[in-house]
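Here's a quick tour for anyone meeting this protein for the first time. Take a look at the sequence and the model, then read on.

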Amino acid sequence: MTMPASLKDVMERTMTNLRYVQSHQAEGIFEVTQLVNSCLCALIQPWDGLDKGTSPWNLSIAKAEANGWPQVTHGGSNHQPNTLGDLIQEMRNALSHGQIQYLDTGTGDIMGLRLWTNHAPKYVAQKWCGELTVEGLKDFLQMFVRLTGA
């Protein structure tokens with residue numbers, strides 16, 4: 001097996017794997033775990049190669065939501081991203097540093113995620129916090145993959 005040659009290949013493979021897991025749910029297959037793994041691959045791996053200086057990166061959060069991006073609920077932090085690019089960066093940083101809390105229904109099923117980032121340089125005080133449902137995270141990943149042109 002060779003490594004994909006392009007960002008498009010990585011994104012297509014990531015989404016193919018996620019669709020496979022979603023369609024083969026059975027005992028011992030964990031869809032949300034695969035969803036988070038897919039987000040890790042999609043949001044973190046290609047980050048430095050993306051052109052983040054243009055639209056839709058600079059869309060306001062309200063305009064991004066009006067264009068179909070899911071709402072990330074404010075998690076009680078003081079800092080709120082101003083643009084879609086800012087939000088993606090906060091989510092990317094939270095995922096890449098393992099700042100994830102799985103929110104359950106009380107029956108052991110995962111209903112959503114809480115993500116957060118902390119202020120540099122000591123990374124102790126919380127900077128940003130947001131929450132998404134599992135469906136919201138799926139939608140976010142699909143919108144991000146489209147944003148990258150894959």
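The protein has 5 helices and 4 strands, where helices (H or I, at least four residues) and strands (E, at least two) are DSSP runs numbered from the N terminus. Starting at the N terminus, the order is α-α-α-β-α-β-β-β-α. This is a predicted model, in which local features need pLDDT of at least 70 and side-chain atom pairs count only at pLDDT 80 or more, while totals for chains, interfaces and linings use all residues. Residues are numbered from 1 along each chain as its sequence is written, and side-chain values use heavy atoms, with hydrogens and water left out.

**The overall picture**

- Of the 150 residues in the protein, 39% are buried; buried means under 20% relative accessible area, exposed means over 50%, and partly exposed is in between (1.4 Å probe, protein chains only).
- Take the contacts (heavy atoms within 4.5 Å) with a separation of 6 or more: residues 24 or more positions apart account for 54% of them.

**Helix α5**

- Helix α5 covers residues 134-147, and its 14 residues reach 20 Å from the first C-alpha to the last, close to the 20 Å expected at 1.5 Å a residue. The expected span is 1.5 Å times one less than the number of residues.
- This helix is mostly covered, with 10 of its 14 residues buried. Among them are Val134, Leu137, Phe140, Leu141, Phe144 and Leu147.
- As a rule, an α-helix has 3.6 residues a turn, so residues three or four places apart point the same way.
- What does the covering? For the buried residues of α5, the list includes α1 (7-23), α2 (31-44), α4 (84-96), β3 (110-118) and β4 (126-133).
- Just past the end of α5 comes Gly149, with a positive phi of about 90 degrees.

**Helix α4**

- Buried residues in α4 include Leu84, Leu87, Ile88, Met91 and Leu95. Their helix gets its cover from parts including α2, α3 (61-66), β2, β3, β4 and α5.
- Arg92 also sits in helix α4, and at 16% relative accessibility Arg92 counts as buried.
- The side chain of Arg92 makes a polar contact with the side chain of Asn93, at 3.1 Å. A polar contact is a pair of N or O atoms within 3.5 Å; within protein, one must be able to donate a hydrogen and the other to accept it, and residues adjacent in sequence count only if both atoms are side-chain atoms.

**Strands side by side**

- β2 (residues 100-104) and β3 pair in the antiparallel sense over 5 bridges; strands pair if DSSP finds at least two bridges between them.
- These two strands form a hairpin with 5 residues between them, and Gly106 in the turn has a positive phi of about 95 degrees.
- Across from Gln101 stands Arg114 in β3, while Leu103 has Gly112 of β3 as its bridge partner.
- β3 and β4 are antiparallel too, pairing over 7 bridges. Here Arg114 has Glu131 in β4 as its bridge partner.

**Aromatic pairs**

- How many aromatic pairs turn up in the whole structure? The search finds 2. Rings of Phe, Tyr and Trp (its six-membered ring) pair if their centres lie within 6.5 Å; planes under 30 degrees apart count as stacked, over 60 as edge-to-face and the rest as tilted.
- Trp57 and Phe144 are an edge-to-face pair, 6.3 Å centre to centre with 85 degrees between the planes. Trp57 lies in the loop between α2 and α3 and Phe144 in helix α5, so the pair ties together parts that are 87 residues apart in sequence.
- Trp57 is buried at a relative accessible area of 6%, and Phe144 is buried at 0% relative accessibility.
- Trp69 and Phe140 are also edge-to-face, 5.1 Å centre to centre with 70 degrees between the planes. Because Trp69 lies in the loop between α3 and β1 (73-74) and Phe140 in helix α5, this pair ties together parts 71 residues apart in sequence.
- Both Trp69 and Phe140 are buried.

**Cysteines**

- With a disulfide taken as a pair of cysteine sulfur atoms within 2.5 Å, the count comes to 0.
- Cys39 is buried at 0% relative accessibility, and Cys129 is buried with a relative accessible area of 3%.
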